[in-house]
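Biologist: I am new to this structure and would like to learn how to read it. Please take me through the features one by one.

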Amino acid sequence: MTQEDTKKEHVVIFDSTLRDAEQSPGASLNVPEKVEIAHQLARLGVDIIEAGFPVSSPVQFLAVRRISEEIEGPVIAGLARTVKKDIDSAADALQPAKRWRIHTFTSTSPVHMEHMLKMTPAQVLEKAVEAVKHAKGYTDDVEFSGQDAPRSDINFLYEIIQAVIEAGATTINIPDTVGYSIPQEYGSLIARLRENIPGIKNVIISTHCHNDLGLATANSLAGVANGARQVECTINGLGERAGNTSMEEVVMTLKTRRDLYGVDTRINTTEIYRTSQMVSRLMGIIVQPNKAIVGANAFAHESGIHVDGLLKHRGTYEIMTPESVGVQEAKMVLGRHSGRHGFKARCTELGFELTPEQLDDAYSKFLEIADKKKEIYDEDIVALLEDEILEITETYHLDYLQCSCGTGTLPSATVRIIREGDILQEAAWGDGPVDATYNAITKATGLMPELENYSIRAVTGSSEALGEAILRIRHEGKIFVGRGLSTDIIEASAKAYISALNHMVGRINNGHNRKS
Ligand code: KIV
Ligand code: ZN
């Protein structure tokens, strides 16, 4: 993609959830989870999916390869240092994609070049040019990034950027790697690059901002206001440390304030909420309730004056509608009499293509839920289907759970777990019913990972809602996410713990026990 291909009023959305966000602590995803998110990013309408850093591990390579094979629509990008073997590996992984990009990066600030790269500016420039030329041998679409750009010498930036453009780079990314810049400064940096680099008019300038000072979105928008036409961002603003620019914030600002920016994106904004929920669920990182656009309270009005104003005219206190980002009133869609055909049709409408086996499994789970819950909402079905599609082979299966608790009673739990035909049964007590259940599971399985965090939420609003437990466990420095769904929150919690253990055991067995 070049500046010419891109209309001046179009901002390219480059999503780095699967690369920059995924490398943040505790966010690791396995290959089927990454592929699932990539499908959703394609439905969302991002222009580019940065699928990973292929040379960095076999799992990263495989994920980029699978995404390149399966995902249609967006350009698929792979990250590479300015090193030949990185570029070769990226090209190899990306090769099946219809349209793909090599994103090669180095560092341009004195502190990075001296202490991290241990190279002189001249050496950095030479390697950058070599890398871009090498990448160009594979694809026309080459992006170059100089990490820590705002702390770099501006004359060196002019020089290296002009040189990589001459070598063939078509997108120039300006990363504020440490989240140091402020909007006025970052905007003026973009403006100065445009004014002082002759070749820059033929390429797309990109922003890539980190959120250490809480300014990532503001900085990216300042970049756009000064002529940047690509924004690198992540869903829910996830990423290293305080995160990256939040995709939903940038997109909705550009849409809501088109009067100021005069530019558009190709994002189908009604898919934003669903994407945010999926990423949160699969990464096991909950969205803070007051998070702009996608937080649970983002459209909740409490104060009497606001509610009164809204009832008189929505525009009084609402600058965008919840529907525009895909937040809808929970809609009852199915019940136990809807039948297999109705269930299948709804799955397709919700964007899930199931194999006949997946449909069989999902339908029997649906019937189990329908026995306990009269009304089944879209959100319930999405949670159930995501579980089904990503389900790992169950090394451990929860067969029976009995839990007792109450005022003045010591909480206790008995579990029976099936492990490849063996029955493991134990009882334990704990500080509360969930703790007792987890202690019983630990005794039964003999597995003792550290519980990093645990949360439970109602998938929909009513008192008979499905409860979804999400937790993260740590074992030998690695994080595993577990999810569990049930109308009973203790059972949901037990299922989540066992699902995390299954992920863990699956990874120990090289991750080859996945269904999909
Ligand atoms: O923050 C950063 O500098 C990066 C680069 C690899 C673009 O993520
Ligand atoms: Zn980054």
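Modeller: Start with one helix. Glu491 and Lys495 both sit in helix α18 (residues 489-508), 4 residues apart, about one turn of the helix. Helices are DSSP runs of H or I with at least four residues, strands are runs of E with at least two, and both are numbered from the N terminus. This is a predicted model: local features need pLDDT of at least 70, side-chain atom pairs count only at pLDDT 80 or more, and totals for chains, interfaces and linings use all residues. Residues are numbered from 1 along each chain as its sequence is written, chains are lettered from A and ligands numbered from 1 in the order in which they are written, and side-chain values use heavy atoms, with hydrogens and water left out.

Biologist: What joins the side chains of Glu491 and Lys495?

Modeller: A salt bridge, at 3.6 Å from N to O. The term means a side-chain nitrogen of Lys or Arg within 4 Å of a carboxyl oxygen of Asp or Glu.

Biologist: How many salt bridges does the structure hold?

Modeller: It holds 24. One of them links Asp264 to Arg258, with the closest N and O atoms 3.0 Å apart. Asp264 is partly exposed at 32%, and Arg258 is partly exposed at 36%. Another joins Glu318 and Arg314 at 2.9 Å, N to O. Here Glu318 is buried, because its relative accessible area is 14%. Arg314 is at 41%, so it is partly exposed.

Biologist: Now the metal. Which residues are the protein donors of the zinc ion (ligand 2)?

Modeller: First, the idea. Donors are N, O and S atoms within 2.8 Å of the metal (3.2 Å for Na, K and Ca); water is not among the atoms, so sites may look incomplete. In this case the protein donors are Asp20 (OD), His208 (NE2) and His210 (NE2), lying 2.0 to 2.1 Å from the zinc ion. Asp20 also belongs to the salt-bridge network with Arg19 and Glu50.

Biologist: What spacing do the donors follow along the chain?

Modeller: The pattern is D-x187-H-x1-H. His208 counts as buried because its relative accessibility is 5%. His210 also has 5%, so it is buried.

Biologist: Next, sheets. In what order do β14, β15 and β16 lie?

Modeller: Begin with pairing: two strands pair if DSSP finds at least two bridges between them. Here 3 strands form an open, antiparallel sheet in the order β14-β15-β16. Its edge strands are β14 (450-458) and β16 (478-486), each pairing on one side only. Between β14 and β15 (residues 467-475) there are 8 bridges. Within that pair, Ile456 stands opposite Ala469 in β15.

Biologist: Which strand gives the most to the nonpolar patch?

Modeller: β14 does, with 3 residues. Patches are made of residues with over 30% relative accessible area and no salt bridge: like charges are joined within 9 Å, nonpolar side chains (Val, Leu, Ile, Met, Phe, Trp, Tyr) within 5 Å. This one consists of Leu451, Tyr454, Ile456 and Ile489 on the surface, with about 330 Å² of accessible area together (Shrake-Rupley method, 1.4 Å probe). Tyr454 lies in strand β14. It is partly exposed, because its relative accessible area is 32%.

Biologist: What is the order of the open sheet that holds β11, β12 and β13?

Modeller: The order is β11-β12-β13, with antiparallel pairing. β11 (396-404) and β13 (422-429) are the edge strands, and each pairs on one side only. β11 and β12 (residues 412-419) share 8 bridges. Leu401 has Val415 in β12 as its bridge partner.

Note on methods. Buried < 20%, exposed > 50% of the residue type's maximum accessible area, 1.4 Å probe, protein only.
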